[in-house]
Amino acid sequence: MSLSVVVLAAGQGTRMKSSLPKVLHKISDKEMLFFPIEAAKSFSDDITVVLYHQFELVKKRVLEKFPEIKIHKQDAINFPGTGGALRGIEFEGDRVLILNGDMPLVTKESLSGLVNSDADIAMSVIELDNPSGYGRVVIEQKQVKEIVEEKDCTPSQKSIKSVNAGVYCIKSELLKRYIPKLSNNNAQKEYYLTDIIKMAVEEGKNIEPIFVDEEEFKGVNSKFDLAVAEEIMQKRIKKELMLKGVRFILPDTTFICADAIFEGECEIGSGVVILGKSKITSSIIKPNSVIEDATISNSSVGPMARIRPKSKIIDSHIGNFVEVKNSTLNGVKAGHLSYLGDSQIESGTNIGAGVITCNYDGKAKYKTQIGKNVFVGSDTQLIAPVVIEDDVIVGAGTTINKGKVPKGSLALSRTPLKTVKDFFYKFFGKE
């Protein structure tokens, strides 16, 4: 049977207390909405995301990442609620998996029980030690018979520990019949997806409870929930990486983006932050360094270095307090206290302390090109655009503001030293 997927992401998320739409808040440097979408892509190519609140912004971000995804705008004025969200959607599949955009911890594995069920409706259910505050799922002979809100529970029903996790897999022909029948005759005047369960029970349909892990079906509604989900996701990411051979010195002190890629035997020191689609291959990232959308291969970085987007560090050593931006360093040593922006630096080159590529004139960025086997002395300013050819020595304290330094030469610019005899005593006086 073919499968369609709907991801519900239309809500206002008022408890998040933010001008940013709730589903665009990030978990491990990636929008939380993208996690259920990626899980859905494991099962289906027919995926619809339902939006309403800040529609254009969320739509733009989703289509930038997933251009093949269908976007449906809920008529939340006339048909609010989770049931109203499904009105007007045409499903290609025989079944429909209904996910929530604020559940970033769901995985392909955690959804497989729902997807693989042969029931008319497969409904996710969580067993809670303390179900207080949740509606109870009444299960008899391995079938869901009713969802009862806590305020409507009898004393015996209040002892039930099964609650609705909010994810379903439903035969599409049932949705087509049930959605138009939903009523908003309730205190909130909303159309509830859970009312479909009652309709299916009345028709004698097979409603299978699929018991799932509370952690993976945890919703994010507040900044506190966001922090809890972040901790869970980080532990998950780092566990998977460690099982693949990456060493974390103190894993709980590091932050690793969900999209980061590690290959070979890597070591990550304490306090390291790796963001974006960074790729780390057979390298050591020393404590308190930040890597963002960069490629690090067979290199050591840090401690306390910053590698900014579009940088490639290959067979190189980047030391403490070195910042690299939009640059390629291949076989380079930059030991400490330098800024290398918009540069191309070749093998065998040494960058001394305090070297700065002056790449920005206030209007535009310019490139610095440094060849092979170049020695750049400390406290040097390279005013781009500039080319330093192979086998060049740049003396300490030099400012290079010409277009090209030829191969094999010495580049040196220094103001003559001036000394004034006994000036100290004239200025401060003698005791």
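**Entry 1: the model**
I am working from a predicted model, so I keep that in mind throughout.

**Entry 2: a negative patch**
I looked for surface charge and found Glu127, Asp129, Asp213, Glu214 and Glu215 gathered in a patch of negative charge. I then picked out Asp213, which sits in the loop between strand S11 (207-211) and helix H7 (223-243). Its relative accessibility is 45%, so I noted Asp213 as partly exposed.

**Entry 3: salt bridges**
How many salt bridges does the structure hold? I found 21. As a reminder to myself, side chains of opposite charge can pair when their charged atoms come close.

I began with Lys235 and Asp252, whose side chains meet in a salt bridge at 3.4 Å, N to O. This pair links distant parts of the chain, 17 residues apart: Lys235 is in helix H7, while Asp252 is in the loop between strand S12 (247-248) and strand S13 (255-256). Asp252 has 64% relative accessibility, so I wrote it down as exposed.

Next came Arg306 and Glu323, with a salt bridge at 3.9 Å, N to O. Arg306 lies in strand S22 (residues 306-307) and Glu323 in strand S24 (residues 317-325), so the bridge ties together parts 17 residues apart in sequence. Arg306 is partly exposed at 39% relative accessibility, and Glu323 is partly exposed at 22%.

I then turned to Asp342 and Lys325, whose closest N and O atoms are 2.7 Å apart in a salt bridge. Asp342 is in the loop between strand S26 (332-341) and strand S27 (343-345), and Lys325 is in strand S24, so this pair too ties together parts that are 17 residues apart in sequence. Are these two partners buried or exposed? Asp342 is buried, with a relative accessible area of 9%, and Lys325 is buried at 10% relative accessibility.

I also noted a network: salt bridges that share partners join Lys30, Glu38, Lys65 and Asp259.

**Entry 4: Gln143**
I found Gln143 in strand S9 (residues 143-148). Gln143 counts as buried because its relative accessibility is 19%, under the 20% cut-off. Setting aside residues up to four places away in sequence, Gln143 touches Val138, Lys205, Asn206, Ile207, Glu208 and Pro209.

**Entry 5: Thr281**
My last stop was Thr281 in strand S17 (residues 279-281), a residue that is buried at 16% relative accessibility. Beyond its neighbours within four places in sequence, Thr281 contacts Glu263, Cys266, Ile296, Ser297 and Asn298.

Key. Residues are numbered from 1 along each chain as its sequence is written. This is a predicted model: local features need pLDDT of at least 70, side-chain atom pairs count only at pLDDT 80 or more; totals for chains, interfaces and linings use all residues. Side-chain values use heavy atoms; hydrogens and water are left out. Patches are made of residues with over 30% relative accessible area and no salt bridge: like charges are joined within 9 Å, nonpolar side chains (Val, Leu, Ile, Met, Phe, Trp, Tyr) within 5 Å. Accessible areas come from the Shrake-Rupley method with a 1.4 Å probe; for residues, only the protein chains shown count as cover. A salt bridge is a side-chain nitrogen of Lys or Arg within 4 Å of a carboxyl oxygen of Asp or Glu. Lys and Arg count as positive and Asp and Glu as negative; His and the chain ends are not counted. The place of a charge is taken as NZ of Lys, CZ of Arg, CG of Asp or CD of Glu. Helices (H or I, at least four residues) and strands (E, at least two) are DSSP runs, numbered from the N terminus. Buried means under 20% relative accessible area, exposed over 50%, partly exposed in between (1.4 Å probe, protein chains only). Contact means heavy atoms within 4.5 Å.
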